[in-house]
Amino acid sequence: MKKNRILLLWSMLLGVLFIGLASKSSPLYPMNDWVDVNCFFTVGRGILDGLVPYRDLYEQKGPVLYFIYAIIALFSRDSFFGVYLLEAVTFGLFLYFSGKLAQLYLGASRAVYFLIAVLAAAVVTSWSFTHGGSVEQNMLFILVYGMYSVLRALREERALTFREAFCNGIFAGIILWVKYTTLGFYLGLALFVLIWYLTDTQLRSKLLLTIGQFLLGVVAVSAVVFAYFAIHGAVGDLLTVYFYNNIVLYPGKIEGSRLESIWNCLQGAIKYNTNYGWLIWSGSLFLLLKRDWQWKAGLMVLLCFIGLTIGTYWGGKPWDYYGLVFAAFCIFGLIVWTEFLHSTKLFELWHKYIPKHIVSVVLAMTLLMSVLLTGTLDNNQNLYLTRYSKDDTVHYRFAKTIQTVDDATLLNYGFLDGGFYFASGAAPACRYFCYFNINPPEMWEEQNACIQDGEADFIVTRYYKLEQYGLDTSHYRLVDEASHPYDKSYTYTYYLYQRIS
């Protein structure tokens with residue numbers, strides 16, 4: 001439909017503009033120095049070089065994420081432009097499906113175009129939008145699609161179509177093999193669908209069919225993953241690192257009960273994300289204020305939210321970017337406030353006296369630019385980096401030295417991947433190419449052996465000089481050091497060591 005195409009085009013335009021301004025992956029920035037994204041990119045490039053995740057390069061996220069970054073590296077190995085495109089597209093899809101969900105309750109209102117512009121601004125200026133490129137950010141569209149597809153079927157009083165069930169299965173499979181803690185959302189959604197079908201006499205007979213269609217999508221993604229690791233003889237590495245290590249080694253010690261920890265993490269996420277936290281709470285009013293709101297729809301949203309919360313914070317880790325997943329529920333708050341405005345005389349005057357087409361475009365662009373120039377510039381945590389060129393960064397400064405050695409190898413020691421592999425193009429000298437949040441017992445042993453045997457051409461440390469780790473450093477000499485900001489709050493000093501020939 002023409003209206004769908006216009007909404008999709010508008011959403012993608014917003015995605016390109018907002019991600020272009022807010023994410024460090026954007027061409028406006030010298031590079032994305034976030035440690036998580038650089039870990040993903042290092043493994044993705046390693047796949048192109050014939051290395052197998054987990055077996056040859058240790059990392060803790062899911063394999064589909066690394067496959068995506070390998071595809072990006074095919075055409076954007078030396079820049080973050082491919083990562084920027086990924087972010088812009090997934091963010092645009094998040095806005096598009098949020099707009100489609102809003103249309104279920106607001107109809108073909110022009111207000112939807114304003115709502116998703118406001119939603120875009122609220123998300124990219126939030127506390128949890130750290131650096132850009134997080135898994136949580138790129139998965140938002142999947143969560144909104146799941147709710148939209150089920151809410152649409154509910155309103156149309158029908159079962160999920162094959163396409164809807166299969167697509168949800170594909171998306172659940174992607175989440176399973178990217179970051180399975182987010183599967184709590186789909187567990188909540190699946191529980192609701194089970195309740196919905198069993199309480200509707202016309203749908204009971206279709207329950208097994210819908211389950212089969214959903215599982216077909218999950219199996220399709222999983223088959224590709226297992227085929228890849230089976231071909232490379234690394235299924236055991238996949239299961240050990242991705243599941244065992246994440247489940248057994250990652251969760252931290254929790255004070256009090258698990259539920260108290262989850263609740264405290266959720267409160268913190270809502271509290272610090274003031275840009276959209278109020279939308280989540282006001283969205284709960286949707287259950288009370290919407291006259292034709294069905295109890296089943298309310299139950300679905302509640303189960304999805306509870307499942308997502310438990311899955312996200314079960315491990316007791318309140319990382320800032322975890323809270324971004326809850327932005328998927330912001331559209332309900334925007335619907336509430338739009339419903340309120342619809343009931344006022346102000347909205348009636350709007351339709352009576354203001355022309356529809358050209359003024360709508362002008363006002364939409366005015367809203368967009370005002371948000372860009374006020375909310376984003378004031379609140380986004382990344383914009384400080386736009387003041388630096390590539391040559392100003394410690395990464396490209398060190399890269400000039402590293403690139404004097406042909407086919408150089410590097411060890412990023414004592415901290416997460418700082419982007420030095422990316423900037424220099426050097427290959428990891430060790431399976432454990434950096435420090436990780438999940439550190440198996442053999443990690444330090446292998447990294448220390450790499451240093452003491454002089455296996456790496458270069459070593460980069462942060463916080464401490466190499467000598468402070470109590471290792472035999474006779475194979476290396478300090479050749480450079482420099483300080484550089486990591487975000488608004490931190491400035492780190494980095495040290496570059498070169499092997500003595």
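This is a predicted model: local features need pLDDT of at least 70, side-chain atom pairs count only at pLDDT 80 or more; totals for chains, interfaces and linings use all residues.
Let me begin with the core, where the largest one counts 162 residues, and where Leu-101, Trp-196 and Phe-329 touch the most other members. Helix H4, covering residues 81-106, contributes the largest share of this core, namely 13 residues. If we leave aside residues up to four places away in sequence, Trp-196 touches Val-150, Ala-153, Leu-154, Arg-158, Leu-160, Leu-203 and Lys-296.

Turning to helix H10, residues 207-231, we find 25 residues spanning 36 Å from the first C-alpha to the last, which is close to the 36 Å expected at 1.5 Å a residue. Among the buried residues of H10 are Leu-207, Gly-217, Val-221 and Phe-229, and the cover over the buried residues of this helix includes helices H2, H3, H8, H9 and H11. Just after H10, Gly-233 adopts a positive phi of about 60°.

I come now to the salt bridges, of which a search of the whole structure finds nine. In one of them Lys-179 pairs with Glu-136, with the closest N and O atoms 2.4 Å apart; Lys-179 sits in the loop between H8 and H9 and Glu-136 in helix H6, so the pair ties together parts that are 43 residues apart in sequence. Both Lys-179 and Glu-136 are buried. By contrast, the bridge between Asp-480 and Arg-397, at 2.8 Å from N to O, joins a buried Asp-480, with a relative accessible area of 16%, to a partly exposed Arg-397, at 39%. Finally, Arg-152, Glu-156, Arg-158 and Glu-164 are linked in a salt-bridge network, and Arg-158 is also one of the residues touched by Trp-196.

Terms used. Residues are numbered from 1 along each chain as its sequence is written. Side-chain values use heavy atoms; hydrogens and water are left out. A nonpolar core is a set of buried Ala, Val, Leu, Ile, Met, Phe, Trp, Tyr and Cys residues joined through side-chain atoms within 4.5 Å. Buried means under 20% relative accessible area, exposed over 50%, partly exposed in between (1.4 Å probe, protein chains only). Helices (H or I, at least four residues) and strands (E, at least two) are DSSP runs, numbered from the N terminus. Contact means heavy atoms within 4.5 Å. The expected span of a helix is 1.5 Å times one less than its number of residues. A salt bridge is a side-chain nitrogen of Lys or Arg within 4 Å of a carboxyl oxygen of Asp or Glu.
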